Amino acid sequence: MRTTAAVAVEAGKPMEIMEVNLDGPKAGEVLVEIKATGLCHTDDFTLSGADPEGAFPAILGHEGAGVVVEVGPGVTSLEVGDHVIPLYTPECRTCEYCLNPKTNLCQSIRETQGKGVMPDGTSRFSMLDGTPILHYMGCSTFSNHTVLPEIALAKVRKDAPFDKICYIGCGVTTGIGAVINTAKVEIGSRAIVFGLGGIGLNVIQGLRLAGADQIVGVDLNPGKVEMATKFGMTDFVNPSEVSGDLVGHLVEVTGGGADYTFDATGNVGVMRTALEAAHKGWGESIIIGVAPAGAEISTRPFQLVTGRSWRGTAFGGARGRTDVPKIVDWYMDGKIEIDPMITHILKLEDINKGFDMMHAGESIRSVVVY
Ligand code: NAD
Ligand code: AHE
Ligand code: ZN
């Protein structure tokens with residue numbers, strides 16, 4: 001079939017909207033009509049050329065929601081008409097990783113996914129002249145139609161609005177999951193969240209759900225304060241307004257250091273600050289942000305010797321086919337909020353403007369509705 005997509009033709013260039021060819025689903029695969037997709041900073045990171053796994057031309061996008069249009073041979077858990085959220089972290093339920101309760105990082109298709117191809121090693125997308133186009137994070141939600149493996153789709157209830165639940169495909173689950181699944185924050189904790197964007201706000205929302213007493217937000221953009229306060233931030237620190245040592249200031253604000261700190265910026269300098277602002281003896285720092293190729297974290301080992309831990313999380317430690325339908329229920333039951341964070345609704349032809357707004361710090365989440 002033919003479908004419309006925003007194609008990342010080259011690193012560092014705006015995406016081009018074009019008609020593309022899409023082959024039908026092979027064995028174990030599913031054709032999905034994407035109804036809505038969020039714009040995550042990770043898409044921007046890959047488009048910029050900073051992603052060591054970035055390859056072009058590709059169809060980016062990994063935060064979508066849609067409807068099953070066709071199933072390939074052997075697909076048993078989904079049928080035409082099912083509502084689904086694509087999963088960049090699939091859940092095969094049989095690999096060594098899925099069988100280990102300590103991780104959500106299903107590895108059954110990770111190698112081919114990282115190369116931009118389906119598990120059989122080929123792409124389903126091509127340009128009208130036949131040039132192959134790569135998939136991205138196994139999702140490619142910047143295409144109106146896409147093909148995914150069955151294990152990379154969470155089946156969700158049909159009454160949930162696509163233009164809101166698409167955000168559960170990355171930002172919401174990543175932020176809330178980092179608190180609940182990865183850090184396992186206890187009631188009464190003190191926490192610091194670095195970066196009050198589409199992920200950081202969901203960390204704040206998760207901290208409030210977990211019953212944290214103090215939630216300190218750190219961002220260079222004061223425009224983020226209003227929304228962060230609405231979601232539960234109790235204190236705000238703008239590093240550009242702190243004279244002297246930022247770590248020392250944060251330790252003072254939290255009365256000795258935070259029980260939990262979260263990096264949602266992708267800046268390795270911020271990651272160091274986050275680790276060092278964690279409480280001596282027990283503070284845990286969780287890295288969520290994705291850093292450019294070649295970037296490395298550093299600190300004095302003494303920071304770890306004296307009881308701080310440095311950890312990381314992907315997709316908030318969530319097992320997508322199991323957890324995502326539950327998070328959709330939380331949203332529909334009013335336990336979590338999504339609507340205020342979706343600040344802009346765009347048409348696919350305006351997708352590059354969505355990334356311009358992200359760069360300018362004007363949006364929290366832009367969502368493309370097909
Ligand atoms: P965003 O652009 O919406 O938000 C980033 C925020 O960080 C902005 O508010 C910005 O002002 C702030 N910021 C930037 N530099 C800063 C600094 N030096 N100090 C303080 N604040 C600073 O991005 P997002 O969509 O929220 O994504 C945040 C990060 O999380 C990105 O690196 C993204 O790639 C990553 N991410 C990781 C996962 C995962 O599974 N680990 C999932 C989604 C996104
Ligand atoms: N390709 C990058 C890594 C990017 C990365 O860390 N991605 C996160 C999800 S970000 C979603 O917005 C992730 O899931 N990581 C685990 C994994 O297996 O990719 C690089 O540095 O090579
Ligand atoms: Zn993302």
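**Close-up views of a predicted model**

**View 1. The cis peptide bond between F56 and P57.** The peptide bond that joins F56 and P57 is cis, with omega at about -5°. P57 belongs to the loop that runs between helix 1 (41-48) and strand 4 (64-71).

**View 2. Positive phi at R93.** R93 is not a glycine, yet its phi is positive, near 70°. The residue sits in the loop between strand 5 (83-86) and helix 2 (110-114). Is R93 exposed, partly exposed or buried? R93 has 13 C-beta neighbours inside 10 Å, so it counts as partly exposed.

**View 3. Positive phi at K184.** K184 is a residue other than glycine with a positive phi, near 55°. Its place is the loop between helix 4 (171-183) and strand 10 (190-194). Because 11 other C-beta atoms lie within 10 Å, K184 is exposed; the limit for this class is 12 or fewer.

**View 4. The contact between domain 1 and domain 2.** The domain assignment gives domain 1 as 2-169 + 338-369 and domain 2 as 176-313. Their C-alpha centres are 29 Å apart. Contact between the two involves 12 residues of domain 1 and 11 residues of domain 2. Which element supplies the largest share of the side of domain 1 that touches domain 2? Helix 1 does, with three residues. By class, this side of domain 1 consists of seven nonpolar, three polar and two charged residues.

**View 5. The shell around ligand 1.** Ligand 1 is surrounded by 32 residues, and the closest of them are H41, G195, G197, I199 and G266. Both domains take part: at least three residues of the shell come from each of domain 1 (2-169 + 338-369) and domain 2 (176-313). Helix 1 gives the most to this shell, namely three residues. Sorted by class, the shell holds 16 nonpolar, 14 polar and two charged residues.

**View 6. The shell around ligand 2.** How many residues lie around ligand 2, and which come nearest? There are 13, and T42, P52, E53, V290 and A314 come nearest. The shell around ligand 2 comprises eight nonpolar, two polar and three charged residues.

**View 7. The segment 198-330 listed in UniProt.** An unreviewed UniProt entry lists residues 198-330 as "domain: Alcohol dehydrogenase-like C-terminal". In the model, the chain over residues 198-330 is 38% helix and 15% strand.

Methods. Residues numbered from 1 in each chain as written. Chains lettered and ligands numbered in written order. Predicted model: local features only at pLDDT ≥ 70, side-chain atom pairs only at ≥ 80, totals over all residues. Helix = DSSP H or I, 4+ residues; strand = E, 2+ residues; numbered from the N terminus. Buried ≥ 20, exposed ≤ 12 C-beta atoms within 10 Å, placed from the backbone. Domains from an automatic or database assignment. Contact = placed C-beta atoms within 7 Å. Nonpolar A, V, L, I, M, F, W, Y, C, P; charged D, E, K, R; others polar. Near = placed C-beta within 6 Å. UniProt positions renumbered as here; feature names shortened; annotations may be inferred.
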